[in-house]
Amino acid sequence: MSTTDRTSTEASNPSEDSAEAAAGAQLSTAPAEDSGGPVGIGVIGWVRWFWRQLTSMRVALILLFLLSLGSIPGSLVPQNQVDAMKVAQWKKDHSFWVPAAEKLQLFDVYSSVWFSAIYLLLFISLIGCIVPRTWQFVGQLTGRPPGAPRRLDRLPAYATWRTQTAPEEVLAQAKTILGGRRFRTEAGTSAVAAEKGYLREAGNLLFHVALIVMLIAFAWGQLFKSEGGKLVLRGKGFANTLTQYDDFKYGSWFDPDDLSPFSFTLDKFDATYEESGPQKGTARDFKAYVTFSDGAHGAPQKREIQVNKPMEVDGSKVYLLGHGYAPVISVTDPTGKVIYKDAVPMLPFDANLSSSGAVKVPDGYHDKDGKKEQLGFNAMFVPTFAGAGKGTMLSQFPDLKFPVLALSAYHGSLGVDSGLPQNVYQLNTSKMQEFKDPDGQLFKKRLLPGETMELPNGAGTVKFEGIERWATFSITRQPGSGLALGGAIAAIGGLAASLFIQRRRVWVRAVAGEDGVTVVEMAGLGRSESAKLPEELGQLAAALHQQAPTAPDQPVKATVEGERG
Amino acid sequence: MTPLAAEVNENLAQISNYLIYSSMAVYMLAFFAHIAEWTFGSRSKVGRTAAALTGAKAATAAAAPAVQVRQKGALGSGETGGTAVLDKPKVVTRSAAGTRDVPDGPGAAGGTENGDLYGRIAVSLTTLAFVIEAGGVVTRAMSVQRAPWGNMYEFSVTFSTVAVGAYLALLALKKNVRWLGLILVTTVLLDLGIATTWLYTASDQLVPALHSYWLWIHVSTAIFCGAVFYIGAAGAVLYLFRDSYESHLEQGRTPGRFRSSVLERLPSAASLDKFSYRINAAVFPLWTFTIVAGAIWAGDAWGRYWGWDPKEVWSFVTWVAYACYLHARATAGWKGRKAAYLALFAFACWIWNYYGVNILLSGKHSYAGV
Ligand code: HEM
């Protein structure tokens, strides 16, 4: 039968259709589609109309689609929140687009006005959807399944037979069988109505509520979170107070008192690397061994921190992020007095840990004439040197196989007294003079561990004493993670219930025919897409059939069997 | 320095490569067998679809309520006479209002014996190839003593293994999915071709960030979801073709011979649509779980469970797109073609997340050793 035919039949039979509609009514709590314009008067009419639109399935669908489209740009254009350096680079490379991109907040998509608008609308829509659906569902839980429609044979699954069992007996049996399969049943005069699968709706509501819980948890976490980084040299320590951090980010409602009081020292750092093969030099394992004490009175404990295994302390987590080398350097003044000795962390810039940095000697130096001065050195460090004459100062391997330090020397003012914060890895040479070699060039030298270089004209010596390691840690605190996880688990559970459980109704009708034989009719109606429905109806029918077997000698075939195909 | 965690066993890695190449050869044979199946099947006279949509129209218009084909595997003995005593009542089903009453096509073999023979050969060869390919995945895993999902090559190989496995499982469950065979084998060959020529990475260990049992959980479910979503998407594409073919017929037009011959043998548009929906709906909770597992792992590895890294963004986009599709199915007026386009959009997002994001966008996930 084609669609057009069906429409014409249906049009001619309005009462039957409304009976069918009633049978399927409230099989789900989905809001009804509504495409009418605003009704009622003035502002209130409009507000109502707007609300109805916002909480309709169609608008929810559009908002969902917009949300998925809206998250795309943030993956194509670098984000401030993820990597501010990349944003700067992007701006340099695409200067033409920068004004437009800034206007559209493309560097902060996930906190932009338009993205927030989409998800806020979606979540208002969600709440506006959940509340009435919950009431409706509660109503359904206390209600009874609707009575049988007049023509059961028009339902998606249908079975019928004739039996000599009396109608009342058949209906009583049907009620027992259905009840035994945990259907909720309701007996009418000539028919039993039954329904099952309420958990589907419960699961669906749970899922949507869980989405809200997750959003709240995420927002909570953003508001209260704190995240700081710290570089720790081997043998040195860290205490969890604001002043100790190298950098620190926090949410708007963060309170420094929330930082849990703990400290640790880095005892040892291990790294292993692939020694051969195509992925030579790729890191295999990083491990930091620390001595940890909790609070002011905690006894020190030995702990290990690995890349995937943060150390958890009272709501905070300590992650191992990176590592590198810190050449130990000592400097003597022209009189031979050691005025500086320290391990100076170098910042790696490639996978083989070629690193650069700066050695700054702010105090204690007097030149040959006794004049107070500051010293500065630009430094390059490679853990595995390619060899002299190889024309490169890039490392060949991340481990310490042939460590070499290259220094170039300056004197004058480091500019550290101006009070402005300075990058510890860079030398500001604007107020410094170069030490010159005999050719009048910048004085520089490559050193092996233990080697010493003499500054020109007896200005002092610099010794490469040895090599220390350092590791960077990130200490984060994000409350609400537990809530988010709980929400996520509830969402998955609710989703599974909502997608795998079918809500369905079954009706059994038994009436005495004119010849005194009982005609049994059974029909099932599912919410949608149900493959199991005919199967289940078949099992129910078979069970009932055992109690009310087919009457022998069926004179006329009573049922319609438009079997085709 | 501790010694290397595990020594790469070159031998096993080599065996794995041989197995993958062998499976490609067998898939190739399966491909030809499927082609033969379709070719022989075209000699049959099917015409059921056209009859249902055109010829029978006038005849059934005034008839009693349409009752459709009996459910396969449901009750009912195969009685033919109307007056026989039933030992069990028979269930008749009727398609939902607004859908066409069209029987499923007979499948690629078109009911011809020769076609069916080739079809069976194709399925057997596919099974063989699957076993060989699975062996390739396992030896690869043994050669590196870790989960075999450390780079895109390994990911691709596992992906096609799982897709074929899912297809064979559906066949074993007696689902009507043989029509999927040719498309599936073709894509598997493509996928393996790309994997072995462009994505090949010698067997090796993982960077520290991947050392975690979450690798087993998160990546295995991600691959599984992708492979099964792929089957759902294939269903959606065929649905679109078949649906336009049916509406063509319905409007009284005659589609081309080739088009008729191929599409007529597929299941009806309604069945394909349902198939695609069921597959997608069944995997969606698992995909949700995959993302949650990824977030937990990210929380352990990087100190934040969600940071809008490109991979995370696209997982989210894929997830929302599938949610959109499921909503579309529940919303009147969006069922059918529109919903199918959404399903395809969602799957396109998944594929992009896999190939595009790994290769073109850099983020924390890009150590996947392309
Ligand atoms: C964050 C946004 C949302 C997501 C991810 C989401 C996801 C889902 C999923 C996966 C389903 C299961 C589909 C099915 O049963 O076939 C569903 C069902 C449903 N959703 Fe949402 N949803 C969202 C927002 C909304 C909103 C705003 C509304 C209200 C207008 C809504 C109303 C519904 C309804 C009524 C159903 C049940 C449909 C039915 O009975 O088949 N959802 N949703």
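This is a predicted model: local features need pLDDT of at least 70, side-chain atom pairs count only at pLDDT 80 or more; totals for chains, interfaces and linings use all residues.

Biologist: Which residues of chain B does UniProt list under "transmembrane region"?

Modeller: The unreviewed UniProt entry puts that annotation on residues 20–40, 121–143, 155–173, 180–201, 213–241, 275–298, 313–332 and 339–357 of chain B. One of these, 275–298, is 100% helix and 0% strand in the model, and its end C-alpha atoms are 34 Å apart.

Biologist: And which ones for chain A?

Modeller: For chain A, the unreviewed UniProt entry lists residues 59–77, 113–131, 205–224 and 482–501 as "transmembrane region". Residues 59–77 of chain A come out as 84% helix and 0% strand, with the end C-alpha atoms 28 Å apart, while residues 482–501 of chain A are 95% helix and 0% strand, with 28 Å between the end C-alpha atoms.

Biologist: Switching to helix packing in chain B, at what angle do α3 and α4 cross?

Modeller: The axes of α3 (residues 113–144) and α4 (residues 152–172) of chain B cross at roughly 140 degrees and come within 9 Å of each other. The crossing of α3(B) and α4(B) is left-handed.

Biologist: What residues make that contact, and of what class?

Modeller: On α3(B) they include B:V123, B:F130 and B:E133, and on α4(B) they include B:Y153, B:V157 and B:L168. Taken by class, the contact between α3(B) and α4(B) has 10 nonpolar, 6 polar and 3 charged residues.

Biologist: How is chain B divided into domains?

Modeller: Domain 1 of chain B takes in 7–41 + 99–205, and domain 2 of chain B covers 220–369. Their centres, taken over C-alpha atoms, are separated by 20 Å, and 36 residues of domain 1 of chain B are in contact with 34 residues of domain 2 of chain B.

Biologist: What about the domains of chain A?

Modeller: The assignment for chain A gives domain 1 (45–139), domain 2 (144–197 + 502–547) and domain 3 (227–477). Between the C-alpha centres of domain 1 and domain 3 of chain A there are 43 Å.

Biologist: Now sheets, please: what is the strand order in the open sheet of 6 strands?

Modeller: The order is β2(A)-β3(A)-β21(A)-β22(A)-β1(A)-β1(B), with antiparallel pairing. At the edges are β2 (184–187) of chain A and β1 (91–93) of chain B, each of which pairs on one side only. From one strand to the next, the twist averages 15 degrees. Within this sheet, β3 (residues 191–196) and β21 (residues 504–512) of chain A pair over 6 bridges, and A:E195 has A:R505 as its bridge partner in β21(A).

Biologist: Which helix packs on that sheet?

Modeller: Helix α9 (residues 167–180) of chain A does, touching β1, β2, β3, β21 and β22 of chain A, and its direction makes about 165 degrees with that of β21(A).

Biologist: And the sheet of 4 strands, why is one side of β5 and of β9 left without a neighbour?

Modeller: That open sheet has the order β5-β7-β8-β9 in chain A, with antiparallel pairing. Strands β5 (237–239) and β9 (301–306) of chain A are at the edges and have a single partner strand each, so one side of each lacks a neighbour in the sheet. The twist there averages 30 degrees from one strand to the next. β5(A) is joined to β7 (residues 262–273) of chain A by 3 bridges, and the bridge partner of A:F238 in β7(A) is A:F264.

Note on methods: Residues are numbered from 1 along each chain as its sequence is written. Chains are lettered from A and ligands numbered from 1 in the order in which they are written. Side-chain values use heavy atoms; hydrogens and water are left out. Axes are lines fitted to C-alpha atoms, for helices over the stretch in contact, and angles run from 0 to 180 degrees between N-to-C directions. Helices (H or I, at least four residues) and strands (E, at least two) are DSSP runs, numbered from the N terminus. A crossing is left-handed if the near helix is turned anticlockwise from the far one by less than a right angle, and right-handed if clockwise. Contact means heavy atoms within 4.5 Å. Ala, Val, Leu, Ile, Met, Phe, Trp, Tyr, Cys and Pro count as nonpolar, Asp, Glu, Lys and Arg as charged, and the others, Gly among them, as polar. Domain bounds come from an automatic or database domain assignment. UniProt positions are given in the numbering used here, feature names are shortened, and annotations may be inferred rather than shown by experiment. Two strands pair if DSSP finds at least two bridges between them.
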